[in-house]
Amino acid sequence: MRRLTPVLALVLALAVAAPTAARSSDPSIVDVAISVNAQSGEFDHLIAAVTAAGLAPALDRNRQLTVFAPTDAAFEELFATLGVSRVADIPTATLQQVLLHHVVPGRRLSGSVVAADRLRTLDRGFLMPSARGGSAYVDDAAIVAADVTAANGVIHVIDQVLLP
(Lines give C-alpha, C1' and ligand atoms only; values in the text may rest on other atoms or scores of the structure.)
Protein backbone atom coordinates (compact mmCIF):
# COMPACT_ATOMS: atom_id res chain seq x y z
CA MET A 1 0.00 0.00 0.00
CA ARG A 2 1.29 3.45 -0.87
CA ARG A 3 2.19 5.91 1.85
CA LEU A 4 -0.23 8.80 2.12
CA THR A 5 2.20 11.29 3.66
CA PRO A 6 2.98 13.17 0.39
CA VAL A 7 -0.72 13.25 -0.47
CA LEU A 8 -1.64 14.62 2.94
CA ALA A 9 0.98 17.34 2.66
CA LEU A 10 -0.24 18.34 -0.80
CA VAL A 11 -3.91 18.23 0.14
CA LEU A 12 -3.31 20.32 3.25
CA ALA A 13 -1.24 22.81 1.23
CA LEU A 14 -4.11 23.18 -1.25
CA ALA A 15 -6.57 23.64 1.60
CA VAL A 16 -4.69 26.60 3.05
CA ALA A 17 -3.25 28.07 -0.15
CA ALA A 18 -6.08 30.51 -0.85
CA PRO A 19 -7.08 33.11 1.74
CA THR A 20 -10.66 33.00 2.99
CA ALA A 21 -11.57 36.17 1.09
CA ALA A 22 -10.59 34.51 -2.18
CA ARG A 23 -12.62 31.33 -1.69
CA SER A 24 -15.11 32.32 -4.40
CA SER A 25 -12.32 32.09 -6.98
CA ASP A 26 -11.14 28.68 -5.76
CA PRO A 27 -11.07 25.85 -8.28
CA SER A 28 -14.02 23.46 -8.37
CA ILE A 29 -14.04 20.03 -6.72
CA VAL A 30 -13.08 18.49 -10.05
CA ASP A 31 -10.24 20.98 -10.55
CA VAL A 32 -8.87 20.29 -7.06
CA ALA A 33 -8.99 16.51 -7.57
CA ILE A 34 -7.20 16.82 -10.91
CA SER A 35 -4.59 19.15 -9.41
CA VAL A 36 -3.90 16.84 -6.46
CA ASN A 37 -3.73 13.88 -8.83
CA ALA A 38 -1.26 15.66 -11.11
CA GLN A 39 1.04 16.13 -8.11
CA SER A 40 0.51 12.81 -6.32
CA GLY A 41 -1.09 10.29 -8.66
CA GLU A 42 -3.43 9.25 -5.81
CA PHE A 43 -6.73 9.84 -7.61
CA ASP A 44 -6.29 8.20 -11.03
CA HIS A 45 -9.03 5.66 -10.32
CA LEU A 46 -11.41 8.23 -8.80
CA ILE A 47 -11.04 10.54 -11.79
CA ALA A 48 -11.54 7.61 -14.16
CA ALA A 49 -14.64 6.54 -12.22
CA VAL A 50 -16.18 10.03 -12.17
CA THR A 51 -15.51 10.38 -15.90
CA ALA A 52 -16.86 6.92 -16.78
CA ALA A 53 -19.99 7.53 -14.71
CA GLY A 54 -20.57 10.90 -16.41
CA LEU A 55 -20.57 12.76 -13.09
CA ALA A 56 -17.79 15.30 -13.73
CA PRO A 57 -20.20 18.04 -14.92
CA ALA A 58 -22.34 17.63 -11.77
CA LEU A 59 -19.26 18.02 -9.54
CA ASP A 60 -18.07 21.02 -11.52
CA ARG A 61 -21.17 23.18 -11.02
CA ASN A 62 -21.90 25.85 -8.44
CA ARG A 63 -23.93 23.59 -6.11
CA GLN A 64 -22.16 23.16 -2.76
CA LEU A 65 -21.16 19.53 -2.15
CA THR A 66 -19.06 17.49 0.24
CA VAL A 67 -17.10 14.69 -1.44
CA PHE A 68 -15.51 11.78 0.40
CA ALA A 69 -12.73 10.96 -2.07
CA PRO A 70 -11.20 7.46 -1.96
CA THR A 71 -7.53 7.08 -2.84
CA ASP A 72 -6.23 4.78 -5.56
CA ALA A 73 -5.24 2.26 -2.87
CA ALA A 74 -8.89 2.21 -1.73
CA PHE A 75 -10.04 1.53 -5.30
CA GLU A 76 -7.46 -1.22 -5.69
CA GLU A 77 -8.91 -2.95 -2.60
CA LEU A 78 -12.37 -2.66 -4.17
CA PHE A 79 -11.10 -4.10 -7.47
CA ALA A 80 -9.66 -7.10 -5.60
CA THR A 81 -12.96 -7.62 -3.75
CA LEU A 82 -14.98 -7.42 -6.98
CA GLY A 83 -12.51 -9.49 -9.00
CA VAL A 84 -11.95 -6.72 -11.55
CA SER A 85 -8.79 -4.92 -12.57
CA ARG A 86 -9.97 -1.40 -13.43
CA VAL A 87 -12.82 1.07 -13.30
CA ALA A 88 -13.92 0.18 -16.84
CA ASP A 89 -14.78 -3.34 -15.62
CA ILE A 90 -17.52 -1.99 -13.33
CA PRO A 91 -20.96 -1.41 -14.91
CA THR A 92 -21.76 2.30 -15.31
CA ALA A 93 -24.97 2.14 -13.25
CA THR A 94 -23.11 0.49 -10.37
CA LEU A 95 -20.33 3.04 -10.63
CA GLN A 96 -22.81 5.92 -10.54
CA GLN A 97 -24.54 4.48 -7.46
CA VAL A 98 -21.25 3.96 -5.63
CA LEU A 99 -19.93 7.43 -6.48
CA LEU A 100 -23.16 9.19 -5.48
CA HIS A 101 -22.82 7.42 -2.12
CA HIS A 102 -19.62 9.47 -1.62
CA VAL A 103 -21.30 12.85 -2.07
CA VAL A 104 -23.28 14.80 0.52
CA PRO A 105 -25.25 17.95 -0.33
CA GLY A 106 -23.81 21.14 1.15
CA ARG A 107 -20.39 22.21 2.36
CA ARG A 108 -19.64 20.03 5.40
CA LEU A 109 -16.31 20.79 7.03
CA SER A 110 -14.80 18.12 9.30
CA GLY A 111 -16.31 19.49 12.52
CA SER A 112 -19.78 19.35 10.98
CA VAL A 113 -19.16 15.86 9.60
CA VAL A 114 -18.05 14.38 12.93
CA ALA A 115 -20.80 16.17 14.86
CA ALA A 116 -23.54 14.68 12.67
CA ASP A 117 -25.39 11.49 13.61
CA ARG A 118 -25.69 10.61 9.94
CA LEU A 119 -25.17 12.26 6.56
CA ARG A 120 -27.62 11.87 3.68
CA THR A 121 -25.84 11.09 0.41
CA LEU A 122 -26.90 11.90 -3.14
CA ASP A 123 -27.89 8.26 -3.68
CA ARG A 124 -30.43 8.79 -0.84
CA GLY A 125 -28.41 6.57 1.49
CA PHE A 126 -26.66 7.54 4.69
CA LEU A 127 -23.09 7.70 5.97
CA MET A 128 -22.45 7.29 9.68
CA PRO A 129 -19.66 9.56 10.91
CA SER A 130 -17.71 8.82 14.07
CA ALA A 131 -14.52 9.62 15.93
CA ARG A 132 -12.47 6.71 17.29
CA GLY A 133 -8.99 6.72 18.71
CA GLY A 134 -8.41 10.31 17.72
CA SER A 135 -9.36 9.71 14.07
CA ALA A 136 -12.49 10.64 12.12
CA TYR A 137 -14.43 8.06 10.11
CA VAL A 138 -17.42 7.80 7.79
CA ASP A 139 -18.76 4.28 8.08
CA ASP A 140 -15.51 2.27 8.34
CA ALA A 141 -13.43 4.58 6.13
CA ALA A 142 -10.85 6.74 7.89
CA ILE A 143 -10.69 10.38 6.86
CA VAL A 144 -6.98 10.73 6.08
CA ALA A 145 -7.12 14.38 4.95
CA ALA A 146 -9.96 16.77 5.73
CA ASP A 147 -11.32 20.14 4.71
CA VAL A 148 -9.82 20.52 1.25
CA THR A 149 -11.86 23.47 0.05
CA ALA A 150 -13.08 24.16 -3.45
CA ALA A 151 -15.31 26.89 -4.84
CA ASN A 152 -18.27 24.52 -4.85
CA GLY A 153 -17.66 22.52 -1.69
CA VAL A 154 -15.17 20.52 0.28
CA ILE A 155 -13.27 17.25 -0.14
CA HIS A 156 -12.34 14.76 2.58
CA VAL A 157 -9.86 12.07 1.48
CA ILE A 158 -10.77 8.58 2.73
CA ASP A 159 -8.99 5.24 2.75
CA GLN A 160 -11.85 3.02 1.52
CA VAL A 161 -14.49 3.03 -1.18
CA LEU A 162 -17.89 3.36 0.50
CA LEU A 163 -20.53 0.95 -0.71
CA PRO A 164 -24.24 1.77 -0.59
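## The largest cavity

The lining of the largest cavity is made of ten nonpolar residues, with no polar and no charged ones. This structure is a predicted model, and a search of the whole of it finds one cavity of 30 Å³ or more. The volume of the largest cavity is about 60 Å³.

Among the ten lining residues, those nearest the centre of the cavity are Ala-33, Val-36, Phe-43, Ile-155 and Val-157. Two elements, H2 and strand E8 (153-158), each provide at least two residues of this lining. The biggest contribution is that of H2, with three residues.

## Helix H2

Helix H2 covers residues 29-40, twelve residues in total. From its first C-alpha to its last it reaches 16 Å, close to the 16 Å expected at 1.5 Å a residue. Just after the helix comes Gly-41, which has a positive phi of about 70 degrees.

Which residues of H2 are buried? They are Ile-29, Val-30, Val-32, Ala-33, Val-36 and Asn-37. Seen down the axis of H2, these buried residues fall within an arc of 165 degrees, so they line one face of the helix. Ala-38 and Gln-39, on the other side of H2, are exposed. Two of the buried residues, Ala-33 and Val-36, are also among those nearest the centre of the largest cavity.

## Helix H3

Helix H3 runs through residues 44-52, and its buried residues are His-45, Leu-46, Ala-49 and Val-50. Viewed down the axis of H3, they fall within an arc of 130 degrees, so they line one face of the helix.

What do the buried residues of H3 pack against? Their partners are helix H4 (56-59), strand E1 (65-70), helix H5 (72-82) and helix H6 (92-100). Just after H3, Gly-54 has a positive phi of about 75 degrees.

## The largest pocket

The largest pocket holds about 320 Å³ of space. It is lined by 25 residues, and the closest to its centre are Ile-29, Val-30, Val-50, Leu-55 and Leu-59. Of these, Ile-29 and Val-30 are buried residues of H2, while Val-50 is a buried residue of H3.

Which elements give two or more residues to the lining of this pocket? They are H2, H3, H4, E1 and H6. The largest share, five residues, comes from E1. By type, the lining divides into 21 nonpolar residues, two polar and two charged.

## Leu-55

Leu-55 lies in the loop between H3 and H4, and it is one of the residues closest to the centre of the largest pocket. Is Leu-55 buried or exposed? Its relative accessible area is 15%. The cut-off for a buried residue is under 20%, so Leu-55 counts as buried.

Leaving aside residues up to four places away in sequence, Leu-55 touches Val-50, Gln-96, Leu-99 and Leu-100. Another, Leu-100, is 45 residues apart from Leu-55 in sequence, yet the two are 8.8 Å apart in space, C-alpha to C-alpha. Helix H6 covers residues 92-100, and the buried residues of H3 pack against that helix too.

Technical notes:
Residues are numbered from 1 along each chain as its sequence is written. This is a predicted model: local features need pLDDT of at least 70, side-chain atom pairs count only at pLDDT 80 or more; totals for chains, interfaces and linings use all residues. Side-chain values use heavy atoms; hydrogens and water are left out. Buried means under 20% relative accessible area, exposed over 50%, partly exposed in between (1.4 Å probe, protein chains only). Helices (H or I, at least four residues) and strands (E, at least two) are DSSP runs, numbered from the N terminus. The arc is that of the directions from the helix axis to the C-beta atoms. Contact means heavy atoms within 4.5 Å. The expected span of a helix is 1.5 Å times one less than its number of residues. On a 1 Å grid over the protein atoms alone, a cavity is a set of points where a 1.4 Å probe fits but cannot get out, and a pocket is an open set with protein on both sides within 12 Å along at least five of seven lines; lining residues have an atom within 4 Å of a point. Grid points are joined across faces, edges and corners, and a volume is the space filled by probe spheres set on the points. Ala, Val, Leu, Ile, Met, Phe, Trp, Tyr, Cys and Pro count as nonpolar, Asp, Glu, Lys and Arg as charged, and the others, Gly among them, as polar.
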